[in-house]
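Me: I would like to go through some of the labels given to this model and ask what each of them rests on. Please set the values against the cut-offs as you reply.

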Amino acid sequence: MEWITQKPFQGLFLALYSVSNNMKNLGRMGIRYLHKLNAANVPKDLLERGQNRVMEASLTFIRERAKLKGELLRALGGAVASASLLGVPLGHNSSFLQGPAFAPPRIREAIWCGSTNSTTEEGKELNDPRVLTDVGDVPVQEIRDCGVDDDRLMGIISESVKLVMEEDPLRPLVLGGDHSISFPVVRAVSEKLGGPMDILHLDAHPDIYHAFEGNKYSHASSFARIMEGGYARRLLQVGIRSITKEGREQGKRFGVEQYEMRTFSRDRHILENLKLGEGVKGVYISVDVDSLDPAFAPGVSHIEPGGLSFRDVLNILHNLQGNVVAADVVEFNPQRDTVDGMTAMVAAKLVRELTAKMSK
């Protein structure tokens, strides 16, 4: 993405971004087109063969990128674990705005924009590939444009994560995308490691509806799927300030530890001294950017005042004791990031500090 920061290309990037903003419904168009083909009696096996080729091609891309990065790190030596960016530009499971689909390239641009140095607060150097690599994006829109349904799409996301994990010492740091991506990512990590994890989930919402608006893959239902699958031993939800009766009932049903903002001052000492992952396969961290107060991160779909400060989040992450095996940063919406890319820089900083936590 270095070319984006070069002035001759900035106008082109902005033009392409403007066009992309008008393409939110492309996946639905692809599905409608598929229905038309079905109505025209196009053989079903012909369509399925084409879809399978597209899905395999997307997996081949991630597989070969991950393999190259893994071989490089093993040749360099000295890395036990290295964060590897994997973009999942998915927004259609959002219940309000679909802008998070455009987030991964904006986060990458902010990471490398040159307005700050490449060293994390804990002293890790992002320019060192043993600390951070990038395997690219799952081509979500291209897959959906072929009429692939969400069951298979979620499978492709899970398989992509597993391909990254197969290349030791890579650990997936996933860029969303809406929060629905956390389910296939967590599922993949848990299955690959062979057991449940402890999950630290920072969010304004618990995202634990059984099936919000009838959609089992809704971004508001991802943690219901995670808990049903047995992928988490403990789920800690921090920053909660928009929760319904169902959210609390589902939390009790699954034994979720929900820390609401109305009691944050009381809970701060606990949350800034967490010790997770003992006796399980490690720790997974999911950061919804709307966990932050909108004063710090206005570029989100669901603006909920009264949230965490950025330093609150960093204190929780920096002080966490545990083996962080994977993470995601989700729900940044570039279409609402109107303050000179402020939220993009916030999301990038979250990625930088998670990278430091994961790499060793």
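Reply: A residue is called buried under 20% relative accessible area, exposed over 50%, and partly exposed in between, with a 1.4 Å probe and protein chains only. This is a predicted model, in which local features need pLDDT of at least 70 and side-chain atom pairs count only at pLDDT 80 or more, whereas totals for chains, interfaces and linings use all residues. Residues are numbered from 1 along each chain as its sequence is written, and side-chain values use heavy atoms, with hydrogens and water left out.

Me: Why is Arg234 called partly exposed?

Reply: Arg234 has a relative accessible area of 27%, and because partly exposed lies between the cut-offs for buried and exposed, Arg234 is given that label. Glu257, at 23%, is also partly exposed.

Me: What makes Glu257 and Arg234 a salt bridge?

Reply: The term requires a side-chain nitrogen of Lys or Arg within 4 Å of a carboxyl oxygen of Asp or Glu. The closest N and O atoms of Glu257 and Arg234 are 2.8 Å apart, so the pair qualifies as a salt bridge. The pair links distant parts of the chain, with Glu257 in strand β6 and Arg234 in strand β5, 23 residues apart; strands here are DSSP runs of E with at least two residues, helices are runs of H or I with at least four, and both are numbered from the N terminus.

Me: What puts the buried residues of α10 on the same side?

Reply: The buried residues of helix α10 (residues 264–271) are Phe264, Asp267 and Leu271. They cover an arc of only 70 degrees around the axis, which puts them on the same side of α10; the arc is that of the directions from the helix axis to the C-beta atoms. An α-helix has 3.6 residues a turn, so residues three or four places apart point the same way. The face turned away from the buried side of α10 carries the exposed residues Ser265, Arg266 and His269.

Me: Which elements do the buried residues of α10 pack against?

Reply: They pack against β5 (232–240), β6 (257–260) and α11 (310–319), where contact means heavy atoms within 4.5 Å.
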